[in-house]
Amino acid sequence: MVDLLAPFLIRAYIAVVLSGVAASAGSVAVLRGVSYLPAEASHAALGGVSIAVFLGFVLGTEVDPFYFAVLFSAASAVLVAYAGGRLDKESLNAALGGVMAVSLSVYALLRGLVPANLKVVIDGYLVGDILLLTNKDLMQLGITVGVALFFELLFYREVMYICFDSEGAEAMGIKVKFYDYLMFFLMGLSGGLMSKIFGSLLVFALVLAPAAAARMFSAHVRTYLVNTMILTIVLGMVGLFASIYLDLPSSGMIAGLTSAAYVVSLLYFKAMKKG
Amino acid sequence: MTYDGRRVLEDVTLQIPVPSITVIIGPNGAGKSVFLRSLIGSIKPSSGSISVLGVDPVAHPDKVKRLVSYVAQKEKFSYAVPIGVNEVVMMGLLADKSIPRIHTKSDDPKVKEALKVVDMGDQYERPFDKLSGGQQQRVLLARSIIRQPRVLILDEPFNAVDVATQNMMIEYLQRLRGKDVGIIIVTHDTNPLACLIEHIMILNKRLIDFGPPKKVLRPEVLAAVYGNNARVLDGEPCPIIVTGDIHG
């Protein structure tokens, strides 16, 4: 029988809650028309982790890959905003692809240059394990999520106005360029820290799927952000318990549930529209 | 004036009187929207200067943005954003407040009043994306007028708008003009406004002509811009009507 209050599980519960808060970045990405950005940023995190591990290997010291992961993913998101120029869909998609290609090249190149025991550290960000998080990991995640949440709440209206009508927002004196860069930075930050919890490969399912599902039953931006958080947390907890009792990988189980939630929501709303 | 590295508008020298109703026409890609956005400081001229009620929008964009209200083309709005009618209009008020732009109790009656003016008082909490094109345009007009601008700029306000909304908007624009508000409208179809237009500005990557309709709307001027797709007809009570170049 599994002790549901075992320290590693308590850390996993906290991580699920933190990921729920971070998942609101997925909602912002959907609203801004850059749904893929957090996932792209989480892949860019792999480049950052590889650099940290490689540096540690070369310098013969330990370099914490987490900071490199979140900074690299946030910087890649800002680079996408910059390269995307006017932030129209075509330019952004091209920029997303370009930046992801650079990050993954760095990852592939540097991963090949470090010994096997360090490859494991890098691969931890590719397919993360929520049950292996340490207290230090949680502290780092908590601070990063806290910073992202603070800015999200502080600039909630700016984000809403720019996503809705960027030209109108600019005409009313809102510094659209500045907030766009900030938004991209925070989405990148969230993608990076989600890669630590669930692994880059599954960030799509963890950030985009709940946000896309919640959009279908949310009538206002505020409720949309809250619904995304709640959906991610609820599915995260259910997935976590299910994985424990079925003895299956936790991240995979949670990602499976969030993806299923998206598919069910989509089918339900399609059926409602037809009916 | 350059946009995205391309030269889109040049050789524009004119003075638009405020108050007045001025309509800007020209073919697609003539630089009409760029001209409008330059008035609010969103696009900076590569040479020359602009002054709006004595304020330079490049040097003092914040000052100009308090004098001018701008409604972009409806097609540029994102309908992926779930936002209520009241929130859209509230934007007009909260944009001038300090971050985090918290709305107060005194803001609600203002929003309700602005919506009532455009006959949308009963749609206060409806989702914006559930409104018809005409209703959306009314809400956007309410968002503009709540800011009590000295100059109101509208980019293609009659696109995909029903006749009732068009008439309501024209009537309201007339009232605003009576309150000494300057109104600048980009449109492909001047007909609905024919009796109200005081000045017409014709653009085609440069200023073709500017002045009262009777002076500007001459066959040779329109032919130079539109080719054979436009003509001028005389009529009563408004003597000049432009046909052609009406986009669906």
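This is a predicted model: local features need pLDDT of at least 70, side-chain atom pairs count only at pLDDT 80 or more; totals for chains, interfaces and linings use all residues.
**Chain A, overall**

I began with the secondary structure of chain A and counted 12 helices and zero strands. Read from the N terminus, the elements of chain A run α-α-α-α-α-α-α-α-α-α-α-α. I then looked up the radius of gyration, which is 19 Å; the globule rule gives 19 Å for 275 residues, so chain A is as compact as a globular protein of that length. The C-alpha trace of chain A spans about 55 × 45 × 30 Å along its principal axes. I noted that 52% of the 275 residues of chain A count as buried. For contacts in chain A with a separation of 6 or more, I found that 76% come from residues 24 or more positions apart.

**Helix H12 of chain A**

I checked the length of helix H12 (residues 250-274) of chain A. Its 25 residues should span 36 Å at 1.5 Å a residue, and the end C-alpha atoms are 36 Å apart, which agrees. Next I listed the buried residues of H12(A): Ser250(A), Ser251(A), Met253(A), Ile254(A), Ala255(A), Leu257(A), Thr258(A), Ser259(A), Ala261(A) and Tyr262(A). What covers the buried residues of H12(A)? I found that the cover includes helix H1 (7-32), helix H9 (176-198), helix H10 (200-216) and helix H11 (221-246) of chain A.

I followed one residue, Leu206(A), to see what it touches. Leaving out residues up to four places away in sequence, Leu206(A) touches Ser19(A), Ala23(A), Met194(A), Phe198(A), Ile254(A), Ala255(A) and Thr258(A). Ile254(A), Ala255(A) and Thr258(A) are among the buried residues of H12(A).

**The nonpolar core**

Leu206(A) came up again when I looked at the largest nonpolar core, which has 158 residues. The members that touch the most other members are Met187(A), Leu206(A), Val207(A), Val89(B) and Ala142(B). As background, I note that nonpolar side chains tend to be buried together in soluble globular proteins.

**Strand E3 of chain B**

I turned to strand E3 (residues 21-25) of chain B and found it mostly covered, with five of its five residues buried. Ile21(B), Val23(B) and Ile25(B) point one way from E3(B), while Thr22(B) and Ile24(B) point the other way. Which strands does E3(B) pair with? One is strand E6 (residues 182-186) of chain B, paired in the parallel sense over four bridges. Within that pairing, the bridge partner of Val23(B) is Ile185(B). Another is strand E7 (residues 199-203) of chain B, which is joined to E3(B) by four bridges and runs parallel. In E7(B), Met201(B) stands opposite Ile24(B).

**The contact between the chains**

I counted the residues in the contact: 22 from chain B and 25 from chain A. On the side of chain B that touches chain A, the elements that give two or more residues are helix H2 (61-67) and helix H3 (85-94) of chain B. By type, the residues of that side divide into 14 nonpolar, three polar and five charged.

I picked out Lys65(B), which sits in helix H2 of chain B. Is Lys65(B) buried or exposed? It has 25 C-beta neighbours inside 10 Å and therefore counts as buried. Apart from its neighbours within four places in sequence, Lys65(B) is in contact with Ala171(A), Met172(A), Gly173(A) and Ile40(B).

Note on methods: Residues are numbered from 1 along each chain as its sequence is written. Chains are lettered from A and ligands numbered from 1 in the order in which they are written. The expected span of a helix is 1.5 Å times one less than its number of residues. A residue is buried if 20 or more other C-beta atoms lie within 10 Å of its own, exposed if 12 or fewer, and partly exposed in between; C-beta atoms are placed from the backbone. Two residues are in contact if their C-beta atoms, placed from the backbone, lie within 7 Å. Two strands pair if DSSP finds at least two bridges between them. Ala, Val, Leu, Ile, Met, Phe, Trp, Tyr, Cys and Pro count as nonpolar, Asp, Glu, Lys and Arg as charged, and the others, Gly among them, as polar. The radius of gyration is taken over C-alpha atoms; the globule rule is 2.2 Å times the number of residues to the power 0.38. A nonpolar core is a set of buried Ala, Val, Leu, Ile, Met, Phe, Trp, Tyr and Cys residues joined through C-beta atoms within 7 Å.
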